Amino acid sequence: MERKISNFDVCIIGASIAGNYLTYLLSKTTLKIAIIEEHKEIGIPFQCAGIVSQKLSKLINLPKNIILNRVKVAKIVAPSGKFIKLAGNEQPFIIDRVALDRFFYDKVKDNDIITYFLGEKYESFKYFKDGQQKSVLIKTSKRKLKAKILVGCDGPLSVVARSFRIKNKLLYGTQIRVKGSFDQNEAVMFFDPRWKELFGWIVPEGSNDIYRIGLASSKNISINFKNFLKKLRINSAKKIDQQGGLIPYGVMNKLAFDNVLLLGDAAGQVKATTGGGIIMLLIAAKYASYCIQKCFDLGDYSKKSIKKYYEKPCLNSIGKQIKLHYLIRLIFEKFSNSDFETFFQIVKSNKIEEIISLYGDMDFPRSIMVKLLKNSIVIKFLIRFFSINPLLILKILTVLVNRD
Ligand SMILES: Cc1cc2nc3c(=O)[nH]c(=O)nc-3n(C[C@H](O)[C@H](O)[C@H](O)COP(=O)(O)OP(=O)(O)OC[C@H]3O[C@@H](n4cnc5c(N)ncnc54)[C@H](O)[C@@H]3O)c2cc1C
């Protein structure tokens with residue numbers, strides 16, 4: 001017998017940080033919301049190094065139990081082992097990522113107009129005419145449901161995004177948690193051109209002497225990670241546990257379609273220099289929540305409306321910064337071992353370390369880029385990369401010159 005099709009206003013796919021935070025924001029409205037999550041438990045499996053800038057506490061009312069540690073120094077290591085240390089005002093949080101995902105879920109799970117369907121996979125959607133209006137009919141592994149708006153918060157391999165032929169470039173990330181004797185106050189980042197990646201990392205969890213040690217790589221992740229651990233003299237057999245996942249990167253472009261929005265990793269709202277996505281998606285979620293409420297106020301769920309109230313504000317704010325992260329990454333991808341050496345030498349010996357410490361912002365690199373590109377030594381060093389790819393400099397300058 002055909003099961004009755006339930007009606008919702010909004011259907012959100014994915015109950016990780018993006019999906020749960022958006023649900024929390026919308027829980028203050030009267031909209032009837034369904035959330036589909038393929039896993040049975042919120043936050044599991046967790047796939048995150050948990051390093052997030054202080055902006056987190058400005059964006060959300062952050063409970064103390066989510067913050068495990070706060071690092072004072074960012075140590076950046078070149079392939080030779082030489083390093084620079086940045087110790088500014090940034091002092092990012094090291095968070096308990098599972099607790100963050102559950103924090104918003106716990107706030108809304110008992111709300112009468114919010115329904116979580118856990119252990120249920122989203123499969124597809126199709127448009128249908130609901131009276132005069134276009135709506136969406138959603139199919140999961142267990143049911144069909146109707147909604148006015150569908151939000152894809154379904155991560156780097158987003159099925160919702162793929163139905164619009166949107167595919168992000170992907171990196172593999174892997175991480176183990178081990179007891180160790182590194183510095184509890186330092187987050188360490190390792191660059192190595194052989195990995196063609198973002199970087200390797202050591203993130204201290206706090207007073208428990210546990211460290212999250214990970215690597216992101218575009219290929220050969222297992223062998224690269226094995227070599228990375230060997231270099232750090234870490235015995236992987238002593239790991240407490242292991243995490244892994246995909247990291248999308250690129251420039252965020254299309255977020256809006258008729259009746260559909262993309263948010264978080266599904267939308268490519270990730271910094272291509274570090275793989276960090278949490279701050280960007282929290283900012284985007286606020287626009288998404290405003291847009292959805294606006295669509296219901298106007299009774300207009302068209303692409304035009306979603307573009308106006310969600311895509312455009314996102315592109316004008318985090319979009320520019322995400323683009324800049326991507327362009328910076330393209331420069332790093334061209335660095336050889338000796339380029340890293342020279343660059344680190346320049347940073348060390350020209351007070352640039354101080355400038356980055358003072359003005360650096362791990363999410364919004366625009367102001368520090370403007371400052372650095374005024375420095376003739378930096379320009380002289382970068383000119384070779386720009387002459388290989390003149391379009392790159394043009395793109396960077398366009399983002400830098402283009403104020404909001
Ligand atoms: C190894 C690693 C380290 C990272 N470290 C950091 C860091 O230090 N700082 C930082 O800011 N960011 C970091 N990130 C990135 C950060 O984890 C992501 O940006 C963030 O998790 C994105 O959240 P999201 O809700 O958009 O997507 P996800 O967290 O990927 O969640 C997507 C959800 O959708 C569900 N889902 C997927 N498909 C379906 C389907 N068909 N049906 C139903 N449910 C579905 C999944 O089960 C999942 O719960 C890291 C990522 C990785 C992989």
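1. The largest nonpolar core has 81 residues. A nonpolar core here is a set of buried Ala, Val, Leu, Ile, Met, Phe, Trp, Tyr and Cys residues joined through side-chain atoms within 4.5 Å. Buried means under 20% relative accessible area, exposed over 50%, and partly exposed in between (1.4 Å probe, protein chains only). The residues with the most contacts inside this core are V10, L56, L150, V151, I292 and Y310. Helix 6, residues 278–298, gives the most to this core: 13 residues. The core also takes at least three residues from each of domain 1 (6–43 + 98–166 + 253–318) and domain 2 (51–96 + 169–249). Those domain bounds come from an automatic or database domain assignment.

2. A note on the source: this is a predicted model, where local features need pLDDT of at least 70, side-chain atom pairs count only at pLDDT 80 or more, and totals for chains, interfaces and linings use all residues. Residues are numbered from 1 along each chain as its sequence is written, and side-chain values use heavy atoms, with hydrogens and water left out.

3. Look at L150. Which residues is L150 in contact with, leaving aside its neighbours within four places in sequence? They are C11, I13, Y122, F125, V136, I138, V160, N259, V260 and L261. Contact means heavy atoms within 4.5 Å.

4. There is a second, separate core of 47 residues. V71, F199, I352 and L382 are among its members. In soluble globular proteins, nonpolar side chains tend to be buried together.

5. Now the whole chain. The protein chain holds 12 helices and 20 strands. Both are DSSP runs numbered from the N terminus: helices are H or I with at least four residues, strands are E with at least two. Of the 404 residues, 54% count as buried. Take contacts between residues at least 6 apart in sequence: 71% of them join residues at least 24 apart.

6. Next, overall dimensions. The C-alpha trace spans about 70 × 50 × 35 Å along its principal axes. The radius of gyration, taken over C-alpha atoms, is compared with a globule rule of 2.2 Å times the number of residues to the power 0.38. For 404 residues, a compact globule would have a value near 22 Å; the protein chain has 22 Å, so the two agree.

7. Last, the cysteines. How many disulfides are there? The count is zero, with a disulfide defined as a pair of cysteine sulfur atoms within 2.5 Å. For C11, the nearest cysteine sulfur is that of C153, 10 Å away. C11 is buried, with a relative accessible area of 0%. For C314, the nearest is that of C291, 9.1 Å away. C314 also counts as buried, at 0% relative accessibility.
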